[in-house]
Amino acid sequence: MAQLSNNNKMPLTPDEYLDIFRKSEALLDGHFLLTSGKHSAQYMQCAQVLQYPDRAAILAEGLASQFRDMGVQTVIGPATGGILVAHEVAKALGVRSLFTERENGIMRLRRGFTISPGERVLVVEDVITTGGSVREVLTVVQEFGATAVGVGVLVDRTGGQVDFGLPQCSIIQLNIQAFEAQECPLCAKGTPAVKPGSRKI
């Protein structure tokens with residue numbers, strides 16, 4: 001596998017970032033059941049690109065560059081998709097990385113992790129469709145009395161329609177159509193849906 005480099009640490013263009021995903025075979029076509037419960041003909045499997053540390057570092061640097069002057073002290077993401085993203089963005093910013101997990105269906109900090117009141121926290125995720133997981137992490141940050149300074153995602157598949165009320169950035173925006181199950185044209189054709197993600201509906 002050829003190594004990619006971005007030695008000048010300058011953010012790439014959206015098309016250049018998307019090319020990294022394509023080279024990693026991370027953009028899938030088919031019939032997919034999303035975490036949100038909706039159906040789609042395309043799925044962005046970020047794990048396929050994040051398995052390559054050099055590519056993960058380039059993507060993370062692109063996100064980190066948007067928040068470098070915001071005094072970020074900690075980067076946090078939801079398990080499992082946000083763990084590697086949080087780690088790589090934190091590395092690029094020179095700060096620590098945390099992740100949240102669900103316990104009895106509720107997003108929490110576990111493993112002895114904690115956040116101090118007033119701590120400036122950047123929330124990151126690999127892909128957003130409805131933004132549900134990010135909102136859960138933001139709630140955790142607020143419960144600790146910390147300050148969420150922004151939201152960074154690798155891929156916003158809503159085309160910028162989700163608003164968290166904070167500075168937010170995605171390195172790729174895709175307007176991938178998603179359907180309710182009863183309105184899904186792929187279901188109407190009898191094509192079976194597969195669930196590529198990791199979270200239970």
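**View 1. Glu25 in the loop between helix H1 and strand E1.** Glu25 is found in the loop that lies between helix H1 (14-23) and strand E1 (27-33), where helices (H or I, at least four residues) and strands (E, at least two) are DSSP runs numbered from the N terminus. This is a predicted model, in which local features need pLDDT of at least 70, side-chain atom pairs count only at pLDDT 80 or more, and totals for chains, interfaces and linings use all residues. Residues are numbered from 1 along each chain as its sequence is written, and side-chain values use heavy atoms, with hydrogens and water left out. Most residues other than glycine have a negative phi. Glu25, although it is not a glycine, has a positive phi of about 55 degrees, and it is exposed, with a relative accessible area of 61% (buried means under 20% relative accessible area, exposed over 50%, partly exposed in between, with a 1.4 Å probe and protein chains only).

**View 2. Asn104 in the loop between E4 and E5.** Asn104 is not a glycine either, yet it has a positive phi of about 55 degrees. Asn104 is exposed, with a relative accessible area of 78%.

**View 3. The cis peptide bond from Ala79 to Thr80.** Most peptide bonds are trans. The bond from Ala79 to Thr80, by contrast, is cis, with omega near 0 degrees, and Thr80 has its place in the loop between E3 and helix H4 (81-93).

**View 4. Helix H5 and its buried face.** Helix H5 (residues 132-143) has 12 residues and reaches 17 Å from its first C-alpha to its last, close to the 16 Å expected when the span is taken as 1.5 Å times one less than the number of residues. Ser133, Val134, Val137, Leu138, Val140 and Val141 are buried in H5. Seen down the axis of H5, these buried residues fall within an arc of 155 degrees, so they line one face of the helix; the arc is that of the directions from the helix axis to the C-beta atoms. The buried residues of H5 pack against strands that include E3 (74-78) and E7 (147-156), with contact meaning heavy atoms within 4.5 Å. The face turned away from the buried side carries the exposed residues Gln142 and Glu143, and just after H5, Gly145 takes a positive phi of about 75 degrees.

**View 5. Residues of H1 meeting residues of H3.** Tyr17, Ile20, Phe21 and Lys23 in H1 meet Arg55, Ile58, Leu59 and Gly62 in H3.
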